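Below is what I looked up, in the order I looked.

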Amino acid sequence: NGPMKTLSIRTKANAISEVLNGESKAVVAKKFNVPRTTLYSWLENKDKILGAINADTFNVNRKRMRTSTHSDIENCLLAWLRQARAQSIPVSGAILTEKANQFAAQLGEAKFECTNGWLERFKSRHGVSLRRSQISSAIKIDKWKTTTLAAILSEYEPRDIYNAGETGLFWQLLPNRTLAFKREKCSSGKQSKQRFTVLLAANSDGSDKRKLLIIGTSAKPHCFNGIQVNRLPVQYMANTKAWMVSTIFEQYIRAFDRDMVGQKRKVVLIVNSCSAHPRISGLKAVRLQFLPPNKMSRTQPLEGGIIRSFKVHYRHDLAMRMLVASDGGKTFKPDVLTSIIMMKKAWDLVEQETIANCFRHCSFTRDQPAADDKSVLGFESEESSHFSTTIEQLRIIGLWPKSVSKDDFIDVDAAVSVSELTAESDIIATQSKSGKPDQEDEADEEENDDTDIPHPPIKLAAGIAAVDTLQLLLAQQGIDDAPYKLSRLSAVLAGLVSSQARQKNIMEYFSQVNLDQYSNL
(Lines give C-alpha, C1' and ligand atoms only; values in the text may rest on other atoms or scores of the structure.)
Protein backbone atom coordinates (compact mmCIF):
# COMPACT_ATOMS: atom_id res chain seq x y z
CA ASN A 1 0.00 0.00 0.00
CA GLY A 2 2.98 2.33 0.49
CA PRO A 3 3.33 5.15 3.04
CA MET A 4 0.18 6.96 4.07
CA LYS A 5 -0.21 10.44 2.61
CA THR A 6 -0.44 13.23 5.19
CA LEU A 7 -3.44 15.47 4.53
CA SER A 8 -3.76 19.23 4.95
CA ILE A 9 -5.39 21.03 7.87
CA ARG A 10 -8.28 22.12 5.63
CA THR A 11 -8.92 18.51 4.52
CA LYS A 12 -8.98 17.35 8.13
CA ALA A 13 -11.38 20.18 9.04
CA ASN A 14 -13.68 19.27 6.14
CA ALA A 15 -13.79 15.64 7.29
CA ILE A 16 -14.54 16.67 10.88
CA SER A 17 -17.31 19.01 9.70
CA GLU A 18 -19.01 16.22 7.77
CA VAL A 19 -19.07 13.98 10.86
CA LEU A 20 -20.38 16.84 13.01
CA ASN A 21 -23.10 17.47 10.42
CA GLY A 22 -24.37 13.91 10.84
CA GLU A 23 -22.49 11.83 8.27
CA SER A 24 -21.37 8.41 9.51
CA LYS A 25 -17.71 7.95 10.38
CA ALA A 26 -17.44 4.96 8.04
CA VAL A 27 -18.69 6.97 5.05
CA VAL A 28 -16.40 9.93 5.85
CA ALA A 29 -13.34 7.70 6.30
CA LYS A 30 -14.03 6.07 2.93
CA LYS A 31 -14.63 9.41 1.22
CA PHE A 32 -11.32 10.87 2.42
CA ASN A 33 -9.48 7.56 1.93
CA VAL A 34 -8.17 7.31 5.48
CA PRO A 35 -8.38 4.54 8.11
CA ARG A 36 -11.08 4.99 10.75
CA THR A 37 -8.37 5.24 13.42
CA THR A 38 -6.96 8.30 11.62
CA LEU A 39 -10.41 9.89 11.47
CA TYR A 40 -10.92 9.16 15.19
CA SER A 41 -7.59 10.90 15.89
CA TRP A 42 -8.76 13.98 13.97
CA LEU A 43 -12.03 13.99 15.90
CA GLU A 44 -10.19 13.81 19.22
CA ASN A 45 -8.29 16.96 18.16
CA LYS A 46 -11.28 18.66 16.50
CA ASP A 47 -11.15 21.75 18.74
CA LYS A 48 -7.52 22.35 17.87
CA ILE A 49 -8.01 21.74 14.13
CA LEU A 50 -11.24 23.75 13.76
CA GLY A 51 -9.83 26.47 16.01
CA ALA A 52 -6.83 26.81 13.70
CA ILE A 53 -9.19 27.25 10.73
CA ASN A 54 -11.46 29.77 12.47
CA ALA A 55 -8.61 31.84 13.89
CA ASP A 56 -6.57 31.64 10.68
CA THR A 57 -3.63 30.54 12.84
CA PHE A 58 -1.94 28.46 10.16
CA ASN A 59 -1.82 28.22 6.40
CA VAL A 60 -4.72 25.81 5.82
CA ASN A 61 -2.69 23.88 3.24
CA ARG A 62 -0.11 22.93 5.87
CA LYS A 63 -0.13 19.33 7.06
CA ARG A 64 1.08 19.87 10.63
CA MET A 65 0.31 22.46 13.30
CA ARG A 66 3.68 23.10 14.87
CA THR A 67 3.65 26.35 16.86
CA SER A 68 6.50 28.76 17.50
CA THR A 69 8.41 28.75 20.77
CA HIS A 70 8.02 32.56 20.74
CA SER A 71 4.30 32.80 20.04
CA ASP A 72 3.99 36.34 21.46
CA ILE A 73 6.57 37.67 18.99
CA GLU A 74 5.00 35.68 16.17
CA ASN A 75 1.49 37.00 16.95
CA CYS A 76 2.75 40.61 16.98
CA LEU A 77 4.62 40.15 13.70
CA LEU A 78 1.62 38.50 12.05
CA ALA A 79 -0.74 41.30 13.18
CA TRP A 80 1.70 43.93 11.88
CA LEU A 81 2.13 42.10 8.56
CA ARG A 82 -1.62 41.77 8.00
CA GLN A 83 -2.09 45.46 8.66
CA ALA A 84 0.71 46.34 6.23
CA ARG A 85 -0.84 44.08 3.58
CA ALA A 86 -4.26 45.65 4.10
CA GLN A 87 -2.66 49.05 3.39
CA SER A 88 -0.76 47.70 0.32
CA ILE A 89 2.60 48.46 1.98
CA PRO A 90 5.44 46.43 0.38
CA VAL A 91 7.22 44.15 2.88
CA SER A 92 10.55 42.36 2.41
CA GLY A 93 12.30 39.63 4.39
CA ALA A 94 14.72 42.19 5.83
CA ILE A 95 11.83 44.35 7.06
CA LEU A 96 10.15 41.34 8.69
CA THR A 97 13.41 40.39 10.39
CA GLU A 98 13.87 43.90 11.76
CA LYS A 99 10.26 44.05 12.97
CA ALA A 100 10.53 40.67 14.70
CA ASN A 101 13.65 41.81 16.56
CA GLN A 102 11.94 45.10 17.52
CA PHE A 103 8.92 43.27 18.91
CA ALA A 104 11.21 40.88 20.81
CA ALA A 105 13.02 43.80 22.47
CA GLN A 106 9.76 45.50 23.42
CA LEU A 107 8.40 42.24 24.85
CA GLY A 108 11.56 41.71 26.93
CA GLU A 109 12.78 38.67 24.93
CA ALA A 110 16.45 39.59 25.17
CA LYS A 111 17.76 36.22 23.90
CA PHE A 112 15.60 36.14 20.77
CA GLU A 113 17.16 36.68 17.37
CA CYS A 114 15.20 36.43 14.13
CA THR A 115 17.29 33.98 12.12
CA ASN A 116 16.62 32.95 8.53
CA GLY A 117 15.34 29.62 9.82
CA TRP A 118 12.84 31.22 12.23
CA LEU A 119 11.60 33.56 9.52
CA GLU A 120 11.16 30.73 6.99
CA ARG A 121 9.19 28.68 9.53
CA PHE A 122 7.03 31.74 10.28
CA LYS A 123 6.34 32.21 6.56
CA SER A 124 5.56 28.51 6.13
CA ARG A 125 3.17 28.38 9.10
CA HIS A 126 1.14 31.30 7.81
CA GLY A 127 1.47 30.88 4.05
CA VAL A 128 3.38 34.17 3.69
CA SER A 129 4.93 34.95 0.31
CA LEU A 130 7.05 38.10 -0.01
CA ARG A 131 7.14 38.08 -3.79
CA ARG A 132 5.73 41.35 -5.04
CA SER A 133 2.38 40.62 -6.61
CA GLN A 134 1.72 41.85 -10.11
CA ILE A 135 -1.93 40.82 -9.81
CA SER A 136 -4.49 43.63 -9.64
CA SER A 137 -7.04 43.89 -6.84
CA ALA A 138 -9.81 42.97 -9.28
CA ILE A 139 -8.04 39.73 -10.27
CA LYS A 140 -7.38 38.88 -6.60
CA ILE A 141 -11.08 39.34 -5.81
CA ASP A 142 -12.09 37.21 -8.80
CA LYS A 143 -9.70 34.46 -7.70
CA TRP A 144 -11.05 34.62 -4.13
CA LYS A 145 -14.59 34.29 -5.46
CA THR A 146 -13.78 31.27 -7.65
CA THR A 147 -11.95 29.45 -4.83
CA THR A 148 -12.77 30.47 -1.24
CA LEU A 149 -16.24 31.87 -1.91
CA ALA A 150 -17.19 28.97 -4.19
CA ALA A 151 -16.26 26.53 -1.40
CA ILE A 152 -18.36 28.54 1.11
CA LEU A 153 -21.38 28.51 -1.20
CA SER A 154 -21.18 24.74 -1.60
CA GLU A 155 -20.71 24.13 2.14
CA TYR A 156 -23.28 26.52 3.67
CA GLU A 157 -26.96 27.13 3.08
CA PRO A 158 -27.93 30.72 2.05
CA ARG A 159 -29.40 31.48 5.49
CA ASP A 160 -26.03 30.58 7.06
CA ILE A 161 -23.89 32.93 4.93
CA TYR A 162 -23.55 36.39 6.52
CA ASN A 163 -21.83 39.61 5.53
CA ALA A 164 -21.00 42.43 7.94
CA GLY A 165 -19.54 45.86 7.31
CA GLU A 166 -19.18 49.32 8.81
CA THR A 167 -20.16 52.72 7.48
CA GLY A 168 -19.83 56.25 8.82
CA LEU A 169 -23.00 58.27 9.38
CA PHE A 170 -23.30 62.02 9.96
CA TRP A 171 -26.40 61.51 12.07
CA GLN A 172 -27.34 65.19 12.61
CA LEU A 173 -26.46 66.42 9.13
CA LEU A 174 -29.09 68.59 7.45
CA PRO A 175 -29.18 69.41 3.69
CA ASN A 176 -27.77 72.93 4.09
CA ARG A 177 -24.50 71.49 5.48
CA THR A 178 -24.11 68.67 2.95
CA LEU A 179 -21.49 70.26 0.70
CA ALA A 180 -19.37 71.29 3.70
CA PHE A 181 -19.20 67.66 4.88
CA LYS A 182 -18.92 65.95 1.48
CA ARG A 183 -15.87 63.67 1.12
CA GLU A 184 -14.84 64.48 4.70
CA LYS A 185 -12.69 61.67 6.14
CA CYS A 186 -13.66 62.86 9.65
CA SER A 187 -10.93 61.08 11.60
CA SER A 188 -10.87 63.65 14.41
CA GLY A 189 -12.04 67.10 15.46
CA LYS A 190 -15.50 68.61 15.85
CA GLN A 191 -17.04 66.70 12.94
CA SER A 192 -16.16 63.35 14.52
CA LYS A 193 -18.60 64.28 17.32
CA GLN A 194 -21.35 64.35 14.70
CA ARG A 195 -20.50 60.96 13.27
CA PHE A 196 -21.47 57.43 14.23
CA THR A 197 -19.81 54.28 13.00
CA VAL A 198 -22.57 51.80 12.19
CA LEU A 199 -22.00 48.07 11.71
CA LEU A 200 -24.68 46.29 9.69
CA ALA A 201 -24.90 42.52 9.15
CA ALA A 202 -27.35 40.25 7.34
CA ASN A 203 -27.52 36.79 5.78
CA SER A 204 -27.71 36.11 2.07
CA ASP A 205 -31.44 35.39 1.83
CA GLY A 206 -32.28 38.48 3.90
CA SER A 207 -34.12 36.46 6.54
CA ASP A 208 -31.88 37.65 9.40
CA LYS A 209 -30.96 41.31 9.74
CA ARG A 210 -28.77 41.48 12.83
CA LYS A 211 -29.27 44.20 15.43
CA LEU A 212 -27.31 47.33 14.45
CA LEU A 213 -24.08 48.10 16.30
CA ILE A 214 -23.72 51.87 16.80
CA ILE A 215 -20.42 53.39 17.95
CA GLY A 216 -20.59 56.96 19.23
CA THR A 217 -18.26 59.35 21.06
CA SER A 218 -20.22 59.62 24.32
CA ALA A 219 -20.72 56.62 26.58
CA LYS A 220 -23.54 58.31 28.52
CA PRO A 221 -25.29 61.07 26.56
CA HIS A 222 -27.69 63.11 28.72
CA CYS A 223 -30.60 61.93 26.57
CA PHE A 224 -29.93 58.38 27.88
CA ASN A 225 -30.94 59.40 31.41
CA GLY A 226 -33.47 56.91 32.75
CA ILE A 227 -32.73 54.47 29.90
CA GLN A 228 -30.75 51.24 30.23
CA VAL A 229 -28.27 51.01 27.36
CA ASN A 230 -28.83 47.25 27.04
CA ARG A 231 -32.56 47.94 26.48
CA LEU A 232 -31.93 50.12 23.41
CA PRO A 233 -33.16 48.74 20.06
CA VAL A 234 -29.52 48.63 18.91
CA GLN A 235 -26.17 47.69 20.42
CA TYR A 236 -24.51 50.93 21.52
CA MET A 237 -20.83 51.40 22.37
CA ALA A 238 -18.52 54.40 22.45
CA ASN A 239 -14.93 55.60 22.25
CA THR A 240 -13.28 58.99 21.78
CA LYS A 241 -13.39 58.95 17.96
CA ALA A 242 -16.49 56.79 17.35
CA TRP A 243 -14.30 54.27 15.53
CA MET A 244 -14.52 50.54 15.16
CA VAL A 245 -11.63 49.07 17.15
CA SER A 246 -10.50 45.48 17.58
CA THR A 247 -11.90 45.11 21.12
CA ILE A 248 -15.41 46.17 20.05
CA PHE A 249 -15.25 43.96 16.96
CA GLU A 250 -14.26 40.94 19.05
CA GLN A 251 -17.08 41.59 21.54
CA TYR A 252 -19.56 41.74 18.66
CA ILE A 253 -18.29 38.54 17.04
CA ARG A 254 -18.26 36.56 20.29
CA ALA A 255 -21.84 37.64 21.07
CA PHE A 256 -22.85 36.58 17.55
CA ASP A 257 -21.10 33.24 18.10
CA ARG A 258 -22.99 32.66 21.37
CA ASP A 259 -26.28 33.39 19.60
CA MET A 260 -25.49 30.89 16.83
CA VAL A 261 -24.48 28.26 19.41
CA GLY A 262 -27.85 28.79 21.11
CA GLN A 263 -29.60 28.30 17.76
CA LYS A 264 -27.47 25.20 17.08
CA ARG A 265 -26.27 26.62 13.78
CA LYS A 266 -22.93 26.70 11.97
CA VAL A 267 -22.51 29.90 9.96
CA VAL A 268 -19.85 31.85 8.07
CA LEU A 269 -19.45 35.61 8.49
CA ILE A 270 -17.59 37.41 5.69
CA VAL A 271 -15.88 40.71 6.57
CA ASN A 272 -13.26 42.91 4.96
CA SER A 273 -9.60 42.87 5.97
CA CYS A 274 -8.60 45.82 8.14
CA SER A 275 -6.70 46.55 11.33
CA ALA A 276 -9.93 46.76 13.36
CA HIS A 277 -10.90 43.18 12.39
CA PRO A 278 -8.54 40.82 14.24
CA ARG A 279 -8.44 37.05 13.91
CA ILE A 280 -10.47 35.58 16.78
CA SER A 281 -9.79 32.19 18.31
CA GLY A 282 -12.18 29.90 20.12
CA LEU A 283 -15.32 30.52 18.06
CA LYS A 284 -17.68 27.54 18.23
CA ALA A 285 -20.37 28.27 15.64
CA VAL A 286 -19.03 31.11 13.51
CA ARG A 287 -16.39 30.81 10.82
CA LEU A 288 -14.89 34.27 10.39
CA GLN A 289 -13.85 34.67 6.74
CA PHE A 290 -11.83 37.66 5.56
CA LEU A 291 -12.00 39.19 2.10
CA PRO A 292 -8.65 39.79 0.40
CA PRO A 293 -7.25 43.29 1.05
CA ASN A 294 -8.56 45.70 -1.57
CA LYS A 295 -9.66 49.27 -2.04
CA MET A 296 -12.49 48.49 -4.45
CA SER A 297 -16.06 49.36 -3.61
CA ARG A 298 -19.07 47.16 -4.28
CA THR A 299 -17.02 43.99 -3.68
CA GLN A 300 -19.29 42.70 -0.92
CA PRO A 301 -23.08 42.87 -0.55
CA LEU A 302 -23.05 45.52 2.19
CA GLU A 303 -21.07 47.85 -0.09
CA GLY A 304 -23.05 46.75 -3.14
CA GLY A 305 -26.30 48.41 -2.12
CA ILE A 306 -27.42 47.35 1.37
CA ILE A 307 -25.69 50.20 3.22
CA ARG A 308 -26.96 52.74 0.68
CA SER A 309 -30.52 51.47 1.05
CA PHE A 310 -30.22 51.94 4.82
CA LYS A 311 -28.99 55.51 4.31
CA VAL A 312 -31.78 56.30 1.84
CA HIS A 313 -34.34 55.39 4.51
CA TYR A 314 -32.50 57.24 7.28
CA ARG A 315 -32.01 60.44 5.30
CA HIS A 316 -35.59 60.41 4.00
CA ASP A 317 -36.84 60.12 7.58
CA LEU A 318 -34.60 63.05 8.53
CA ALA A 319 -35.96 65.14 5.65
CA MET A 320 -39.56 64.21 6.52
CA ARG A 321 -39.06 65.29 10.15
CA MET A 322 -37.65 68.62 8.93
CA LEU A 323 -40.77 69.13 6.82
CA VAL A 324 -43.17 68.22 9.64
CA ALA A 325 -41.32 70.49 12.10
CA SER A 326 -41.44 73.42 9.66
CA ASP A 327 -45.23 73.09 9.40
CA GLY A 328 -45.38 73.84 13.12
CA GLY A 329 -42.92 76.71 12.86
CA LYS A 330 -40.10 74.69 14.45
CA THR A 331 -36.75 73.26 13.38
CA PHE A 332 -35.66 69.65 13.71
CA LYS A 333 -32.28 68.44 14.94
CA PRO A 334 -32.06 64.92 16.37
CA ASP A 335 -30.27 63.98 19.56
CA VAL A 336 -28.43 60.67 19.98
CA LEU A 337 -31.48 58.76 21.21
CA THR A 338 -33.77 60.03 18.44
CA SER A 339 -31.10 59.21 15.86
CA ILE A 340 -30.79 55.67 17.21
CA ILE A 341 -34.56 55.17 16.91
CA MET A 342 -34.40 56.53 13.34
CA MET A 343 -31.55 54.15 12.45
CA LYS A 344 -33.48 51.19 13.82
CA LYS A 345 -36.47 52.23 11.70
CA ALA A 346 -34.29 52.68 8.58
CA TRP A 347 -32.76 49.20 9.01
CA ASP A 348 -36.22 47.67 9.50
CA LEU A 349 -37.33 49.24 6.23
CA VAL A 350 -34.54 47.67 4.14
CA GLU A 351 -36.40 44.99 2.19
CA GLN A 352 -35.47 41.32 2.44
CA GLU A 353 -35.46 41.10 -1.36
CA THR A 354 -33.10 44.08 -1.57
CA ILE A 355 -30.62 42.25 0.64
CA ALA A 356 -30.96 39.02 -1.36
CA ASN A 357 -30.51 40.95 -4.63
CA CYS A 358 -27.33 42.61 -3.34
CA PHE A 359 -25.84 39.25 -2.36
CA ARG A 360 -26.76 37.91 -5.79
CA HIS A 361 -25.33 40.97 -7.56
CA CYS A 362 -21.98 40.47 -5.81
CA SER A 363 -21.98 36.72 -6.66
CA PHE A 364 -22.39 35.77 -3.00
CA THR A 365 -25.08 33.20 -3.86
CA ARG A 366 -25.37 30.11 -6.01
CA ASP A 367 -27.80 32.01 -8.27
CA GLN A 368 -26.77 34.06 -11.27
CA PRO A 369 -25.82 37.69 -10.48
CA ALA A 370 -28.48 40.38 -10.93
CA ALA A 371 -28.35 41.92 -14.39
CA ASP A 372 -27.92 45.57 -13.37
CA ASP A 373 -28.09 48.03 -10.50
CA LYS A 374 -31.77 48.79 -11.11
CA SER A 375 -32.72 45.21 -10.32
CA VAL A 376 -30.58 45.31 -7.17
CA LEU A 377 -32.46 48.22 -5.59
CA GLY A 378 -35.67 47.91 -7.57
CA PHE A 379 -37.71 47.22 -4.45
CA GLU A 380 -36.61 50.59 -3.00
CA SER A 381 -37.88 52.64 -5.98
CA GLU A 382 -41.11 53.70 -4.23
CA GLU A 383 -39.14 55.01 -1.24
CA SER A 384 -36.85 56.94 -3.61
CA SER A 385 -39.86 58.51 -5.33
CA HIS A 386 -41.34 59.65 -2.00
CA PHE A 387 -37.93 61.04 -1.01
CA SER A 388 -37.80 63.14 -4.21
CA THR A 389 -41.24 64.55 -3.42
CA THR A 390 -40.12 65.48 0.10
CA ILE A 391 -37.06 67.25 -1.32
CA GLU A 392 -39.22 69.32 -3.66
CA GLN A 393 -41.40 70.40 -0.72
CA LEU A 394 -38.31 71.40 1.29
CA ARG A 395 -36.94 73.35 -1.67
CA ILE A 396 -40.19 75.33 -1.94
CA ILE A 397 -39.90 76.51 1.69
CA GLY A 398 -36.15 77.18 1.38
CA LEU A 399 -34.85 74.30 3.54
CA TRP A 400 -33.11 72.38 0.73
CA PRO A 401 -30.39 74.22 -1.26
CA LYS A 402 -30.67 74.06 -5.04
CA SER A 403 -26.98 73.10 -5.26
CA VAL A 404 -27.52 69.89 -3.22
CA SER A 405 -28.86 66.81 -5.01
CA LYS A 406 -30.55 63.84 -3.39
CA ASP A 407 -27.45 61.69 -4.07
CA ASP A 408 -25.22 64.35 -2.47
CA PHE A 409 -27.26 64.09 0.72
CA ILE A 410 -27.42 60.27 0.72
CA ASP A 411 -23.73 59.70 -0.07
CA VAL A 412 -22.24 62.59 1.92
CA ASP A 413 -20.47 60.24 4.38
CA ALA A 414 -19.44 57.53 1.90
CA ALA A 415 -15.73 58.29 2.43
CA VAL A 416 -15.83 58.70 6.21
CA SER A 417 -13.19 56.81 8.20
CA VAL A 418 -14.56 54.04 10.42
CA SER A 419 -11.32 52.67 11.90
CA GLU A 420 -7.67 53.57 12.34
CA LEU A 421 -4.40 51.70 12.06
CA THR A 422 -3.34 49.83 15.19
CA ALA A 423 -0.17 51.31 16.68
CA GLU A 424 2.72 48.91 17.31
CA SER A 425 2.44 49.67 21.04
CA ASP A 426 -1.18 48.48 20.94
CA ILE A 427 -0.20 45.31 19.04
CA ILE A 428 2.27 44.55 21.82
CA ALA A 429 -0.30 45.44 24.48
CA THR A 430 -2.68 42.78 23.16
CA GLN A 431 -0.02 40.19 23.99
CA SER A 432 1.07 41.59 27.35
CA LYS A 433 -2.46 42.46 28.57
CA SER A 434 -4.23 39.37 27.19
CA GLY A 435 -6.62 41.43 25.12
CA LYS A 436 -7.82 43.86 27.81
CA PRO A 437 -9.40 47.02 26.37
CA ASP A 438 -7.15 50.03 25.99
CA GLN A 439 -8.11 52.41 28.77
CA GLU A 440 -6.89 55.42 26.78
CA ASP A 441 -9.62 54.81 24.20
CA GLU A 442 -12.51 55.15 26.59
CA ALA A 443 -15.35 57.35 25.46
CA ASP A 444 -16.25 60.75 26.79
CA GLU A 445 -18.64 60.50 29.69
CA GLU A 446 -20.50 63.58 28.55
CA GLU A 447 -21.15 65.22 25.24
CA ASN A 448 -21.58 68.98 24.89
CA ASP A 449 -24.45 69.38 22.45
CA ASP A 450 -27.44 71.66 22.56
CA THR A 451 -29.65 68.74 21.52
CA ASP A 452 -28.29 66.41 24.22
CA ILE A 453 -30.87 66.96 26.94
CA PRO A 454 -32.72 64.32 28.97
CA HIS A 455 -36.10 63.21 27.67
CA PRO A 456 -38.89 63.63 30.27
CA PRO A 457 -40.49 60.35 31.42
CA ILE A 458 -43.52 59.42 29.33
CA LYS A 459 -46.53 58.08 31.22
CA LEU A 460 -48.25 54.94 30.01
CA ALA A 461 -51.54 56.81 29.65
CA ALA A 462 -49.88 59.23 27.21
CA GLY A 463 -48.48 56.30 25.22
CA ILE A 464 -51.89 54.61 24.97
CA ALA A 465 -53.46 57.91 23.91
CA ALA A 466 -50.78 58.32 21.20
CA VAL A 467 -51.54 54.85 19.80
CA ASP A 468 -55.27 55.63 19.85
CA THR A 469 -54.61 58.88 17.97
CA LEU A 470 -52.54 57.04 15.37
CA GLN A 471 -55.25 54.43 14.85
CA LEU A 472 -57.82 57.22 14.41
CA LEU A 473 -55.57 58.96 11.87
CA LEU A 474 -55.19 55.76 9.83
CA ALA A 475 -58.97 55.24 9.90
CA GLN A 476 -59.57 58.80 8.68
CA GLN A 477 -57.10 58.23 5.85
CA GLY A 478 -58.68 54.91 4.91
CA ILE A 479 -55.56 52.91 5.80
CA ASP A 480 -55.85 49.44 7.34
CA ASP A 481 -53.87 49.42 10.58
CA ALA A 482 -53.62 45.60 10.76
CA PRO A 483 -50.17 45.37 9.10
CA TYR A 484 -48.76 47.81 11.66
CA LYS A 485 -49.91 45.72 14.66
CA LEU A 486 -51.18 48.78 16.53
CA SER A 487 -53.84 46.72 18.31
CA ARG A 488 -51.10 44.45 19.60
CA LEU A 489 -49.15 47.51 20.78
CA SER A 490 -52.23 48.81 22.62
CA ALA A 491 -52.57 45.42 24.34
CA VAL A 492 -48.92 45.48 25.41
CA LEU A 493 -49.29 48.96 26.91
CA ALA A 494 -52.53 47.95 28.64
CA GLY A 495 -50.72 44.94 30.10
CA LEU A 496 -48.06 47.24 31.54
CA VAL A 497 -50.76 49.39 33.16
CA SER A 498 -52.35 46.29 34.72
CA SER A 499 -48.97 45.03 35.92
CA GLN A 500 -48.03 48.34 37.52
CA ALA A 501 -51.47 48.66 39.17
CA ARG A 502 -51.15 45.15 40.61
CA GLN A 503 -47.67 45.94 41.93
CA LYS A 504 -48.99 49.16 43.49
CA ASN A 505 -51.87 47.31 45.18
CA ILE A 506 -49.49 44.71 46.61
CA MET A 507 -47.19 47.43 47.99
CA GLU A 508 -50.15 49.26 49.53
CA TYR A 509 -51.44 46.01 51.05
CA PHE A 510 -48.16 45.21 52.80
CA SER A 511 -47.81 48.80 53.93
CA GLN A 512 -51.25 48.59 55.54
CA VAL A 513 -50.41 45.21 57.15
CA ASN A 514 -47.30 46.74 58.71
CA LEU A 515 -49.32 49.69 60.02
CA ASP A 516 -51.90 47.33 61.56
CA GLN A 517 -49.15 45.35 63.26
CA TYR A 518 -47.67 48.48 64.80
CA SER A 519 -51.11 49.71 65.95
CA ASN A 520 -51.65 46.45 67.86
CA LEU A 521 -48.42 46.82 69.85
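My notes start with confidence, then go to the helices near the annotated region, then to the sheet.

**Ground rules.** I'm working with a predicted model, where local features need pLDDT of at least 70, side-chain atom pairs count only at pLDDT 80 or more, and totals for chains, interfaces and linings use all residues. Residues are numbered from 1 along each chain as its sequence is written, and side-chain values use heavy atoms, with hydrogens and water left out.

**Confidence.** I checked pLDDT, the predictor's confidence in each residue, from 0 to 100. The chain averages 80, and 77% of the residues score at least 70. Residues 54-65 fall below 50, though this stretch has 45 contacts in the model beyond near neighbours in sequence (contact means heavy atoms within 4.5 Å). Residues 444-448 are also below 50, with 17 such contacts.

**The annotated region.** UniProt, in an unreviewed entry, lists residues 25-45 as "DNA-binding region". Its positions are given in the numbering used here, feature names are shortened, and annotations may be inferred rather than shown by experiment. I find this span to be 76% helix and 0% strand, with its end C-alpha atoms 15 Å apart. For helices (H or I, at least four residues) and strands (E, at least two) I use DSSP runs, numbered from the N terminus.

Which residues of helix 3 are buried? For helix 3 (residues 36-44) I get Thr38, Leu39, Trp42 and Leu43, where buried means under 20% relative accessible area, exposed over 50%, and partly exposed in between (1.4 Å probe, protein chains only). They cover an arc of only 140° around the axis, so they sit on the same side of helix 3; the arc is that of the directions from the helix axis to the C-beta atoms. On the other side of helix 3, Thr37 and Glu44 are exposed.

I also looked at Asn33, in the loop between helix 2 (25-31) and helix 3. Its phi is near 60°, a positive value in a residue other than glycine. Asn33 counts as exposed, at 71% relative accessibility.

Next I traced an open sheet of six strands, order 4-3-2-1-5-6, with mixed pairing. Two strands pair if DSSP finds at least two bridges between them. Strand 4 (235-238) and strand 6 (286-290) stand at the edges with a single partner strand each, so one side of each has no neighbour in the sheet. Neighbouring strands are turned by 25° against each other on average, direction ignored; axes are lines fitted to C-alpha atoms, for helices over the stretch in contact, and angles run from 0 to 180 degrees between N-to-C directions.

Then I went through some pairs. Strand 1 and strand 2 are antiparallel over nine bridges, and Asn163 stands opposite Ala202 in strand 2. Strand 2 and strand 3 also run antiparallel, joined by three bridges, with Ile214 in strand 3 as the bridge partner of Val198. Strand 3 (residues 213-216) and strand 4 pair in the parallel sense over four bridges, and Leu213 stands opposite Gln235 in strand 4. Helix 12 (residues 336-349) packs on the sheet, touching strand 1 (161-170), strand 2 (195-203), strand 3 and strand 4.

How many residues of strand 2 are buried? I get nine of its nine.

**Last stop.** Ala242 lies in the loop between strand 4 and helix 10 (246-262). Ala242 has a positive phi of about 55° although it is not a glycine, and at 0% relative accessibility Ala242 counts as buried.
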